[in-house]
Amino acid sequence: MSDNRQSTGRRCRRLDSVIDDDIRYRAVDSRDARFDGVFFTAVTSTGIYCRPSCPAVTPKRANCTFYPSAAAAQGAGFRACRRCRPDSVPGSPEWNHRADLVGRAMRLIGDGVVDREGVAGLAQRLGYSSRQLQRQLTAELGAGPIALARARRAQTARLLLQTTELPVTEIAFAAGFASVRQFNDTVREVYDRTPSGLRAEVTAGRRTATPAGGLTLRLAYRGAFDSDHLIDFLALRAVPGVEEVVPGARPGVRTYRRTLGLPYGHGIAEVDGLAPEDPRTRGWLDCRLYLADLRDLPTAVQRLRILFDLDADPDAVDEQLGADPLLGALVRARPGLRSPGHVDPQELAVRAVLGQQVTVGAARTLAGRLAAKYGAALPEPSGGLRLLFPSAAALAVADPEDFAMPAARRRALTGLCAALAEGIVRLDGGVDREEAAARLLALPGIGPWTVGYLRMRALADPDVFLPSDVGIRHGLTRLGAPGDPKSAARAAEAWAPWRSYAVHRLWAAPANDQGGADQSSAEQDSADQSSADQSNTGTEKQDA
């Protein structure tokens, strides 16, 4: 399969093909935050690199050089601006939709694969040689996988230095450095400061005093952000013991909390939505992380960014969908709506099968029962959180009688879990989406809807449409459009390459008096289950 093929079979325009250095300089001159993370500006007269929206005096055009990544600017000898913190910008939206080698590699590097498995492990996951991978990343991003991972470690080190009171030596290893000397050299090179000097830039009173492995941070995003939609979506599906939505510390704020299974241990994440008085363009969400092992910090942050779709470009999405006669009014009413991903693709796959043919509430109940039976308990409960969601390997050998569902769906669930546990099906960010879809479809009881839902959320594909979905039909009907699958698919052609966002627009369309929004949702799929077991179609509609 071609590495240049996008997941929808049509190519999305790459940003570097539509903007040149003159456009980049105009973005810098206007301090346009939409380009933060898309490129970085290095100033030859000062030796520093900045984000496009840096508030400092705009440098002369002749003194500006533009780089596609922070790692490339660091490799060219520039240090990070201490005023605009270019290392903490949102990631490029390119890595959301690109299905080629570079896009897949960047998603895995962001998840910490290079730190855990080395360049050889990254290359093996992608099906390329280390040399080919190095060549392609360097050609496009100006830096290879080691340099890209190093930039990621440096940002983690700065975060820990400036937000915790941890000893410097402990921070070095928590950030992923192999030695204290390597840590010191990297911090000096990237920030032009020693670690102690970098820590001194932030007063002790501003550093957190959260207990046992806890720290606070801001999760940056670009454009507008509709946190109400996202928190509503997650709250409706929150698995008891694993997730919860609770009142936040500020009036009007809701906090999403969940447990995390991470490479080195477990964690608990808390992410605050926006308050009613907060502008949607505030630029960050407040987050608190409690980790058993601080080496999991970068991975936890990356997975939360995927869950909340924080690297998206909502201006580009809303511009296209907002011009559509059918969706335009919805976009104008709620700008910045995101397409949520997930922190654990295997967990989502299990929950998608649990939700076939039942309501959201029933799916949540089933998932809670499985978590209580097979999930690992936290050492200490935290509020309503007490469990990690069970792994696919644990469920693959579970007693099928514990799955309170028809026989066909039991077989679908155990077959899926076995395929995930054995590596026959992979759902990490480095997989070829088309290949993953084909392998899922080959499993019994897994049909087009479930595959599409997993592509949209587990694989963060921004261009997925679910024409047979009950919620899509209801949403289109509310807008006065035909909701049958053929008509829906035809209407959705105009929404590419952002059809996943159109799905959420339709799911969130104002409900009629019958309240269909909560009952017709992502966890329903008559097409998938009917192909597995005609006799059970449509019979599981009540809450379990």
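A residue is partly exposed when its relative accessible area falls between the buried class, under 20%, and the exposed class, over 50%. That applies to the first stop in this predicted model.

Select Arg 82 and Glu 201. Arg 82 has a relative accessible area of 37%, so Arg 82 is partly exposed. Glu 201, at 29%, is partly exposed too. The two form a salt bridge, with 3.2 Å between the closest N and O atoms.

Next, select Asp 111 and Arg 116. Their closest N and O atoms are 3.3 Å apart, and the pair forms a salt bridge. Asp 111 counts as buried, with a relative accessibility of 17%, whereas Arg 116 counts as partly exposed at 25%.

Now move to Arg 258 and Glu 347. This salt bridge has its closest N and O atoms 2.8 Å apart. Display strand β7 (residues 254-262) to find Arg 258, and helix α15 (residues 345-354) to find Glu 347; the pair links distant parts of the chain, 89 residues apart. Are these two residues buried or exposed? Both Arg 258 and Glu 347 are buried.

For the last stop, select Glu 244, Arg 257, Glu 270, Asp 272 and Arg 288 together. Salt bridges with shared partners join these five residues, Glu 244, Arg 257, Glu 270, Asp 272 and Arg 288, into one network.

To continue the tour, show the remaining salt bridges: the count for the model comes to 43.

Methods
Residues are numbered from 1 along each chain as its sequence is written. This is a predicted model: local features need pLDDT of at least 70, side-chain atom pairs count only at pLDDT 80 or more; totals for chains, interfaces and linings use all residues. Side-chain values use heavy atoms; hydrogens and water are left out. A salt bridge is a side-chain nitrogen of Lys or Arg within 4 Å of a carboxyl oxygen of Asp or Glu. Buried means under 20% relative accessible area, exposed over 50%, partly exposed in between (1.4 Å probe, protein chains only). Helices (H or I, at least four residues) and strands (E, at least two) are DSSP runs, numbered from the N terminus.
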